[in-house]
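Please keep the sequence and the structure in view while reading.

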Amino acid sequence: MRSVLGFCAALGFVALSAGVAGAEQSMVRIAQPYGLVYLPSYVAVDQHLIEQHAKAAGLGDIQVTLAHMASGPAASDMLLSGNADLAMGGFGPAFTIWDKTHGAQQVRGVMPLSSSPVFLISVDPRIQSLTDFRDGDKISVSAIKVTDQAITLEMAAAKQWGWDQRFRLDPLTVSMSNPDALIAMLSGRSEVKNHAAIIPFSVEELESGKAHLVMTSDEYLEPGSSSTVMWASAQFRDPNPKLYQAVVAAFEDAIVLIGRDPHLAAQIYVAREPQKHELGWIEAMIRDPKLITYSSVPRGTLAHEQFMYRVGTLKHEAKTWQELFWENEAGKPGS
């Protein structure tokens, strides 16, 4: 009898251990920069969409947190240090971390979030085109070399002066978050007089009457190209298959909600990033496809990655866009 009881106890311990080992984590930690391009994240968090999909999948209570970072590379640092599960930024930081990670540390895109141009804006009346920049001028980008803004400037330089001059504008770039760059541009007291900006910061600068547009990324990238991406590591995805799919479903729902109810989406955004303008100012941007569209379908991502490879920013060249994302994106009509 003792042997039978001992065997049953051991069997129960093994079963319990297996259940614990197979349990998925109960928290999703998000790290992202500021900007209207990250609206799907705010919607997913504020509407508790991750929690709803997790519960539907049979998971317990899930805690979702969101931390603001100055840039996509800073969000990547949070993810690699184990302090975030999901990171967001432009295609540049997304492909940089994809290039640097392998095996259990492998990071890939979960999905794009939006398509929106980069606007090169100046408060210096001397600068009306790329050819007007000279030594001593400063262009703020959220991070040098690897962000969408920095890469767009390299693309523009290559087209303007030839491939050998693709880094011509790099020495002029300085790292500055979009909110800080906005303040610097409009203060009239900063040596930073040029900003490679995203919305809504670009719109506020141009509407101030103090700034003018020099160029947009649509002149150098395929219009409609994905500009922001969410990424995750295998360390989050592999042991948490249900939770990962809950995240995917939540962000897909968030994108649908933005299209269905731009007014509610604007309210959610303003609650996260308070504005001095009326709510309608943000809502008008969300509704303007020339400024932004929200989609989880990859657009132009392979071309972006291959340019970064050709200029030497990346060591590995992707042959298909699917290599850059986890399998949940594979069946989409992406590029």
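## Terms and basis

In what follows, Ala, Val, Leu, Ile, Met, Phe, Trp, Tyr, Cys and Pro count as nonpolar, Asp, Glu, Lys and Arg as charged, and the others, Gly among them, as polar. On a 1 Å grid over the protein atoms alone, a cavity is a set of points where a 1.4 Å probe fits but cannot get out, whereas a pocket is an open set with protein on both sides within 12 Å along at least five of seven lines; lining residues have an atom within 4 Å of a point.

The model is predicted, and totals for linings use all residues. Residues are numbered from 1 along each chain as its sequence is written.

About 30 Å³ of space lies in the second largest cavity, which is lined by A94, F95, R108, G109, V229, W231, L324 and F325. These comprise 6 nonpolar, 1 polar and 1 charged residues.

## The largest pocket

The largest pocket has a volume of about 180 Å³. Of its 22 lining residues, S115, S116, P117, D218 and G224 are the closest to its centre, and the lining as a whole divides into 8 nonpolar, 10 polar and 4 charged.

Note on methods. This is a predicted model: local features need pLDDT of at least 70, side-chain atom pairs count only at pLDDT 80 or more; totals for chains, interfaces and linings use all residues. Side-chain values use heavy atoms; hydrogens and water are left out. Grid points are joined across faces, edges and corners, and a volume is the space filled by probe spheres set on the points.
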